Amino acid sequence: MLELDKQCRRQQRIRHAVQALWTVVTNSYWIGFVRGRIYQGKIKNVCVPGLNCYSCPGAVASCPIGALQATIGSYEYQMAFYVAGFMILVGTLMGRFVCGWLCPFGLVQDLLHKIPLPKRLKLRTFRGDRVLRCLKYLILVVFVILMPLYFTDLIGQGFPWFCKLVCPVGTLEGGIPLVLLNQAMHTAIGWLYVWKNVVLAAIVLLAILIYRPFCKYLCPLGAIYSVFNPISVVRYQVDSDTCTRCGTCAHICKMGCDPVKNANSLECIRCGACKAACPAGAIHIRFQRRTKPQKADLERSQ
């Protein structure tokens, strides 16, 4: 067990290193942090897989959720098709692997949850947890799709309502740095800025108590990628012949998944903790491919 524990810790350190590296790469416009200005070069027309705010002074590419809101009701509908196609492609290839490995705000929540507290204060689950997880799908439909489509300006341009009213990532990566670094932004501080900071503070507090509350309950990008988890190319597989049904994988999963019951649950962010912890080595990463049906399967279907 001690060796397995070391293996789990090593695997999670590797994951955090990848998260940190990806965060640095996608926010590598260092001069933006000095000048307090947003990079607006050609690369900004490209989306990154994870949630990374367009308004972050260091961001070199766009957030797919922000880009979708900005274009879904626009006359530039081709761009909306590009963004939607990009998310479908990423989801088809990796599912919520992006959430576990390539999302900067996922790293922030991971680190916040490591803040030591008495075990009784760390909430693994609670009454209403499963119902609240449906909220991210409602937010996706209402704030990301419907509101930008129907609440528009005089020329029919939609607003990024999710970014404007809900998203704590924009506040952390964009709002706070720009206000601190750009004197001209001080005049823009109002009730909306205060509200967004209240939302961010609430998420930060919850992330200390609950593992990844934003990913579980609010993130519309996670909602999109979750739909592809059962069918994505990269997916988990549990070897039923090797598995001893010991329950270790379910116990260690902080997202509340049970790989034995469903190896590719909608909530799985593919962090790899279950795979590293399995004492029987029964959990594997597989690349899905179409195979010919076995003779036994054909006989059962007849």
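User: Before we start, what does contact mean here?
Analyst: Contact means that heavy atoms lie within 4.5 Å, and the model we are looking at is a predicted one.

User: Why does the radius of gyration agree with a compact globule?
Analyst: For 302 residues a compact globule would have a radius of gyration near 19 Å, and the protein has 21 Å, which agrees.

User: Switching topic, how much of it is buried?
Analyst: Of the 302 residues, 43% count as buried, while the protein exposes about 16600 Å², with carbon and sulfur atoms supplying 67% of that area.

User: Which residues touch the most other members of the largest nonpolar core?
Analyst: That core holds 52 residues, and Leu51, Ile65, Met87, Phe162, Phe214 and Tyr225 touch the most other members. Among the elements giving two or more residues to this core are helix H4 (77-94), helix H11 (191-209) and helix H13 (220-228), and H13 gives the most, with five residues.

User: What is Tyr225 in contact with, neighbours within four places in sequence aside?
Analyst: Tyr225 is in contact with Pro49, Met87, Val90, Gly91, Gly95, Arg96, Val98 and Cys99.

User: Last one, how many positive and negative charges?
Analyst: There are 35 positive and 13 negative charges, and their mean positions are 5 Å apart.

Technical notes. Residues numbered from 1 in each chain as written. Predicted model: local features only at pLDDT ≥ 70, side-chain atom pairs only at ≥ 80, totals over all residues. Heavy atoms only, no water. Rg over C-alpha atoms; globule rule 2.2 N^0.38 Å. Buried < 20%, exposed > 50% of the residue type's maximum accessible area, 1.4 Å probe, protein only. Areas by Shrake-Rupley, 256 points an atom, 1.4 Å probe, with all protein chains shown as cover. Lys, Arg positive; Asp, Glu negative; His and termini not counted. Charge placed at Lys NZ, Arg CZ, Asp CG, Glu CD. Core = buried A, V, L, I, M, F, W, Y, C linked by side-chain atoms within 4.5 Å. Helix = DSSP H or I, 4+ residues; strand = E, 2+ residues; numbered from the N terminus.
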